[in-house]
Every structure is written in C-alpha cells, then in structure tokens.
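Subject: Handing over the two-chain model

Hi,

Here is the structure I promised to pass on. Have a look at it first, and then read my notes below.

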2 protein chains.
Amino acid sequence: MKGSRQEADSYRRLSQADLATYLAAVPSARKRLGGESSGWSVREVGDGNLNLVFIAKGPKGGVAVKQALPFVRLVGESWPLPLSRVDYEHLALTQQAQLAPGLVPEVLHFDEAMKLIVMELLEPHIILRRGLIAGTRYPRLAEDLAVFLARTLFFTSDLALQAAEKKERIAAFAGNHALCKITEDLIFTDPYRLAEQNRWTEPYLNSIAEGFRADLDLHVAISRLKLKFLSSAEAMIHGDLHTGSVMVTPDDTRVIDPEFAFYGPMGFDVGALIANFLMNFLANEGHEKNQGEREDHGEWVLETTQEICRRFRAKFLELWRSHAKGDAYPTCLFPGALGEARLDIERQHYMDRLFQDTVGFAGAKIVRRILGLAHNIDFEWIEDKARRATCEARALRLARELLVNASSFTSIEAVIAAARVAAWWKPGFT
Amino acid sequence: MKGSRQEADSYRRLSQADLATYLAAVPSARKRLGGESSGWSVREVGDGNLNLVFIAKGPKGGVAVKQALPFVRLVGESWPLPLSRVDYEHLALTQQAQLAPGLVPEVLHFDEAMKLIVMELLEPHIILRRGLIAGTRYPRLAEDLAVFLARTLFFTSDLALQAAEKKERIAAFAGNHALCKITEDLIFTDPYRLAEQNRWTEPYLNSIAEGFRADLDLHVAISRLKLKFLSSAEAMIHGDLHTGSVMVTPDDTRVIDPEFAFYGPMGFDVGALIANFLMNFLANEGHEKNQGEREDHGEWVLETTQEICRRFRAKFLELWRSHAKGDAYPTCLFPGALGEARLDIERQHYMDRLFQDTVGFAGAKIVRRILGLAHNIDFEWIEDKARRATCEARALRLARELLVNASSFTSIEAVIAAARVAAWWKPGFT
C-alpha cells in the first residue's frame, strides 16, 4: 500500500538517545512536554509484543511514542511484519476518536515515513489486566467499554454507513492482511494442532491440549469462526480488544493499540473482551493467599462482564433506533408505528445473532491464551504450576463449551452461569 | 479508481460510423475480422440496458464491442453511472476466463481510456432467455452453468484463496459500488415500497403489489438478504447472472456481462439463475396457444433447474475435496481418514447454508422482475395482460414463500415442488 522506496529512504529505528531530538522537532509534542528537550526524560518501556514504545516526560507533561519495527518484537527478526501496520493503527485511532470521543488516546503526531505515532501519555493509567489482577474495581469500566463497542461498531456498520463509503473503508484496511494473518494463525488454527509456537502449562495440561488437537467437533467450530473472520466485513473492529489493550484509572478508560483493525465480524471484538474478563474470573482463585479472599473481586468481574454485554446491547439498539442512516434495513421499508415495532423485533434477533458470534469468539480467545503462543498474565502470574493449570483447565472447559455449543448460550447470564460451574471443577491432575 | 482527467481526455463515444476505423487499429480485431476495414459491416445492436454494443463482421469473422456510456442507457442521462464499470467487467471476465475456460467470451482487446472491450463475436449464439421462451432445449446447459458457478465461486472463496490475496481482490472490486448500489436499490429495496421506477401489470397485480409493500415479514426477509449482500464477501460473484446474461447454442454456453461483479455472497449468483429458470417455468403456460402444448418444455426447465443445483453442489464439493488451498477450514485441522470424514459432514452443512441463501436470493430476484423496474421478456412477451398477470402472480406467490420461509426449503426438490404448486394457483382476478 505504501511505497517501499519511501520506507527505505526515510525509516530509521529510533533509539532512546535520539527520541528527544526527534520530539523537539514536533510542535505538538514540544508544547505538550514544555521546556527544553535537554530537560526531557525518555525511556523505552517496550511492553508491547510488536513495537517500540517510548515514554517522554517534560516539565509540563508527557507523550507516548509508538514506532513499528519491521518484525515481531516478541519473536525477533525471524518473523517479519510490515511497517504499514502503523498506518492502519493511525487510521483506526483517528476514526475511533471521532466515534467514541475520550475513549482512545489523543494522537499528537503521525509520521508515516518513520512509522510512528506520538500520543498523549496516559497517566496515571495502568493496563486494565494488571488492575484486574490487583483486584481493583473500576466503576466506569463497563459503561465506557460498552460505549466504545457500541459506537465504534454501529457507526462503521451497514446500519450507519452508505454502501459506497463502507466499501471504500473496507478497501482502506484491506492492506492490513499481515496482522489479520497473525489472528488467523494464532487464534483460529495453531492451538488446535501441533505448532512450534504453542505452549501450555506442562505437564498438567498435556492431555487436555492433546484432546483439543484431536477434537474434530471443536475444529469444525473454530473453522466456522475463522471463515466468519475471513469473510464477514460487518464493521471496523479493533481486532485485539483484550484487557491488555485497555488503560484505566478509576475515572477514565482508554482503548489502545488498534493495529489489528480491519472490517471484520463485530462479535470478535465483543467476544475478546468477554473472554478476557472470564479468564480473569477463572484465574482469580489462583491468586488467593487465603481461601475465598478474592471471591468478592470475582463477583465484581462477573457483574462487569454482564454489564458490558447488557449495556452494549442497549446502546447499540439505541443508536440503531436513532441513527439508522445506513443502507441496511432501510427505514422506508418499516414505516409508521407498526413498521417500527416489526423492525424492533428484528433488531432483537439481530442482536441475538451477534451474541451467538460473540460466544464463539469468546471461546476462541480463551483457548489461544492457554494453548497458543501468547499467554495472559492473569494465569502466568500464578506461580504454582498445578494451581495455574487448574485455573487454565477450567477456562478451557468453559471455552470448549462456548465454541461447540455456542447456540445454547442465548444470554450473557447463561455464559456467566457456565463460568461459575467451570470454577468449581476439579481437574483430574490436582 | 481511474483518473477522471484521463477519462475526460481520451474517452469519446464511438459511433457506428467510426467503429471500423477504431477496430482497424486494433491488431487482434483486425486479424479476427480479416480483409480491409472498408469491407467490414458494423451495427449497433444495443439490446443492453446500460451500454453501447456493436457487432462488426468481416470476411474472416466477427467481433463484439461493448462501450460504457456515462449513464444508464435504459433510462438516459438523468441516471449517471461511472464508466469505470468496464474496468471491473474486464477484470471479472479475465478472471472468469482463467477459472472457467471456454464459458465466457474471449477478450480480444481492452481499451481502458475509451472504456470499451472488444470480444469474440458469439455466433450463432442467442440469449438463453430467448431460447427458453422459444422452447429450445440445451443439453449442455445444466452442466456448463454448474461448472461456471462452482469454479468461479469456489476458486475466489476463502476455501481456495489465501487471506491476503482475497483481501486484495476484494479491494480491487470495492470501487464498483455504483453498480452494487443499483442492485441494492432495485432488488432489495424498491419493489417493497412506492418507488417511481416500479411497474407491474396493472390493474391485475395492484393488490398483490400493495400487499408486498405492506408485508413487514417480507420486508424483514429482504432486509436480511440486503445485509448479506452488503457485508458478506464470500467470493467474486457475477452479480447479474440471469438468463439474459447467458448466450447459448445447443453445443456451447457462455456467461456474459459481469459488470456487476464484486466480492459478495455466493447464493446471490446461484439464486439468480434458479429464479430465472423458475420464472421461465411459470411463464410457460402464458405462451401456450393450445393448452398443455408447452408442458414438456416446462418439465425440461424444471429438470434443468434441478440439475444445475445438484451438479453445482457436487462440483463445488469435489473442488473443495481436491483443491482446498485456502485459509478457511485448513486441512491440517482435519487429518487422516477420520478428519476427512468429519470435515465432509461440515462440507455438507456448508452447502446447506449456501442453499438457504440461494433460496432467499432466488425469491428476491423474482420479485424485482415483476414489481420493480427491470422486467423479463418471459412474462413481458405474454401479450394478454390477464394471462401474463396470472403467471406473474404465481411467481410472486412462490417468491414470497422462498423469501419468508427460506429455511423450510432444504433442497432444490422442495423449491421445485413449490413451483409446481404455484403453477396450479388461480389468482382471484382471473
């Protein structure tokens, strides 16, 4: 999509040493930092799997700088990845900022040649996953995430967009296929076969992992979801919406890192969030020093999961009723009070179908975090391997149910009930 | 997509008078025609709804020339339409020629600036719709159409393509949205509301048309299909695959006019064909001079409809079993004889889901031809309006059933049985 010549000419990897010089030439960053560049502190935080991330602080404030590397940072130069992913992240961030104001970091500067984005520094925000593991409650969280989901998905769907504009937007993200391919492989394929990059808590989960690799009903279920991921251009999705892609304070919620964005199935984003909350819930017991001490926190996590789904549904429906300017379900076919009433039945069915997708994708997102390449600190930080494996086995049991029997879960309440049952299970290896 | 400057600079509308001069400068056309341009005969046949179509004949052979006009020919300059549609037609024709050799016209020359395609002249081919109305049988037809459908759809789907390539192909057709918009309006919206361009056989069908405009269950069904048309990028579809887009002799079948091509739902193409055969069947009685004289022809049309569906299914499955190189349903997840057997159950389910879509889209294609802008000569050529309306009313009755109760039709045999029942119906107005 972008000229490789230009990339070769202008791209150079920034070091901690030259970041201040770079930022001094960016007016919006200079203003945000204040003072002279000699007085700015810079550090590479590098907690991303893919990119360089720097934080710069000055007398007035701070900025975060994200620069793409031509490979996957987590793995190294052996796994090349196009720099253009920053272009898509910038495009998504810009659109999300318009659609869900205040829920994404502000972009101060985008350097297409250098493949970097300078953003406001989110402070004192922490990664939501860490907050949840610490047992912190976030009273705004469910509302903010429901708003983010409802607004970014609704307004980029055929319910809100004219077809011509939507087709152009789909095309604008089509070049981001290398990032989609990561998802296609690591989520929808590798955990279900012998793949070099897979790992799991050995030896405890060996037989479950083997079982998943032989479970053909599960393979059909994950393949149906993969096909949906490949062919359903429902809306602009974040594409990697786990609890590590959300930064929080008790008063503020920001969704970050949309470099996996493209036009895909809405349920993938909603399912990703649900899955990560359910994993936090099922990891909860593993972090207890005294039995039962985190039960209240677990309840709050489940309530939040439920609230995200309920509010997402309500807000999405509200937007559909008030902002249906898209080409799908044209209002001219549903005139008057009767038409509106009939359409509203269909809106409920639409949300039910979206929830079915959500359930399946949630299952897929759990499995990949336990049997695939990328794991969650929710589980990883449980030091005792047998305890960790117990929590993980419960999550896998739930995930298989969500994947294979998705259609039997018609509400988030049913999913949460299944998560509670899974939490009681004592796997044979303990 | 294409520079408007270039279009403005180079595009000029060809006249019958200057076509020979134009073709004389095209080596492939000159060779095909033979002799000197002064000896070529040229006529504008113009039976298309959208474009100029010329036929040139020389001592050695003939060519057909299709040139886009910047508006819809059927309606006039008041309905502008981008010239770029020829680019998409050329792209689709080129790909179809590779995927289904011998089943599309050979392209001799493409002039992007002039927005025209020079093709082999299909002779003595006639438009299939005319052949069917004349009561001609085409022994190769079902096989050829099934092959065309199976190969063009399978090989452009996620079952055959890598995701990156498919996303690029989707993007390559994204600019064809003006043609998609015609379908979105004329098929999925207008026939179900008061729209200026609608027409139907008055006064006989007035109350049915009014009923369809008030039928909210029908509006939900058509809206679900519209959403699928807008958001399901399953494969490169022809996009206008009616019996007027097929040219035939008893020994040869060619699919023409893919200017509506884009990446959409496969069922739209299969449904379009089925719908047009079913309409021919239901129009059949209206062409009889003596009662029952066309019954045998009607039976042949139904058999052909059935054969197209059966063979399409068999061929698509055969391709899937032998050429599954795409990213969907990766073979690595279905190893060994057991894996293959389990995947084959899913393949059948996949074809069943595709058939559900097909049934709905078939219903949609029938309604648009009777209550919308563009009508079929299958019905139009029945001069007696009451007789014509009787045939059309039967088709509408079948179509509503296919749209609203699509899921109850699990086989083409069930659809054909419903068509037979519809053919017995005596609408109240006769």
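One term before anything else: two strands count as paired if DSSP finds at least two bridges between them. Helices (H or I, at least four residues) and strands (E, at least two) are DSSP runs, numbered from the N terminus. As for conventions, residues are numbered from 1 along each chain as its sequence is written, while chains are lettered from A and ligands numbered from 1 in the order in which they are written. Please also keep in mind that this is a predicted model, where local features need pLDDT of at least 70, side-chain atom pairs count only at pLDDT 80 or more, and totals for chains, interfaces and linings use all residues.

**Strands in chain B**

Let's start with β3(B), which covers residues 62-67. On one side, β3(B) pairs with β2(B) (residues 52-57) in the antiparallel sense, over 6 bridges. B:Phe54 sits opposite B:Val65 of β3(B), and a hairpin of 4 residues links β2(B) to β3(B). β3(B) also pairs with β7(B) (residues 116-120), again antiparallel, over 5 bridges. There, B:Gln67 has B:Leu116 of β7(B) as its bridge partner.

Is β3(B) mostly covered or mostly open? Mostly covered: 5 of its 6 residues are buried. Buried here means that 20 or more other C-beta atoms lie within 10 Å of the residue's own (12 or fewer makes it exposed, in between is partly exposed, and C-beta atoms are placed from the backbone).

Chain A has an open sheet of 3 strands in the order β8-β10-β11, with antiparallel pairing. β8 (126-127) and β11 (252-255) of chain A are at the edges with a single partner strand each, so one side of each has no neighbour in the sheet. β8(A) is joined to β10(A) (residues 246-249) by 2 bridges, and the two run antiparallel. In this pair, A:Ile126 faces A:Val248 of β10(A).

**Two domains in chain A**

How many residues of domain 1 of chain A are in contact with domain 2 of chain A? The count is 17 residues of domain 1, against 21 residues of domain 2, with contact meaning that C-beta atoms, placed from the backbone, lie within 7 Å. The domain 1 side divides into 11 nonpolar, 4 polar and 2 charged residues. For these classes, Ala, Val, Leu, Ile, Met, Phe, Trp, Tyr, Cys and Pro are nonpolar, Asp, Glu, Lys and Arg are charged, and the others, Gly among them, are polar.

**Where the chains meet**

The contact between the chains takes 37 residues from chain B and 37 residues from chain A. On the chain B side, the elements giving two or more residues are α7 (163-173), α8 (177-186), α10 (216-231) and α13. α10(B) gives the largest share, 8 residues. This side of chain B divides into 19 nonpolar, 7 polar and 11 charged residues.

**A helix pair in chain B**

α13(B) (residues 336-371) turns up again here: its axis and that of α15(B) (residues 385-404) come within 8 Å and cross at roughly 150 degrees. (Axes are lines fitted to C-alpha atoms, for helices over the stretch in contact, and angles run from 0 to 180 degrees between N-to-C directions.) Residues that meet include B:Val359, B:Ile366 and B:Ile370 in α13(B), and B:Leu396, B:Ala399 and B:Leu403 in α15(B). The residues of this contact divide into 12 nonpolar, 2 polar and 2 charged.

A cis peptide bond joins A:Glu202 to A:Pro203, with omega about -5 degrees. A:Pro203 is in the loop between α8 (177-186) and α9 (206-214) of chain A. In chain B, the bond from B:Glu202 to B:Pro203 is cis too, with omega near -5 degrees.

Two residues other than glycine have a positive phi. A:Lys115 has phi near 55 degrees and is found in the loop between β6 (107-111) and β7 (116-120) of chain A. A:Lys115 is buried, with 29 other C-beta atoms within 10 Å. A:Tyr329 has phi of about 45 degrees and lies in the loop between α12 (295-322) and α13 (336-371) of chain A. A:Tyr329 is buried as well, with 22 C-beta neighbours inside 10 Å.

Cheers
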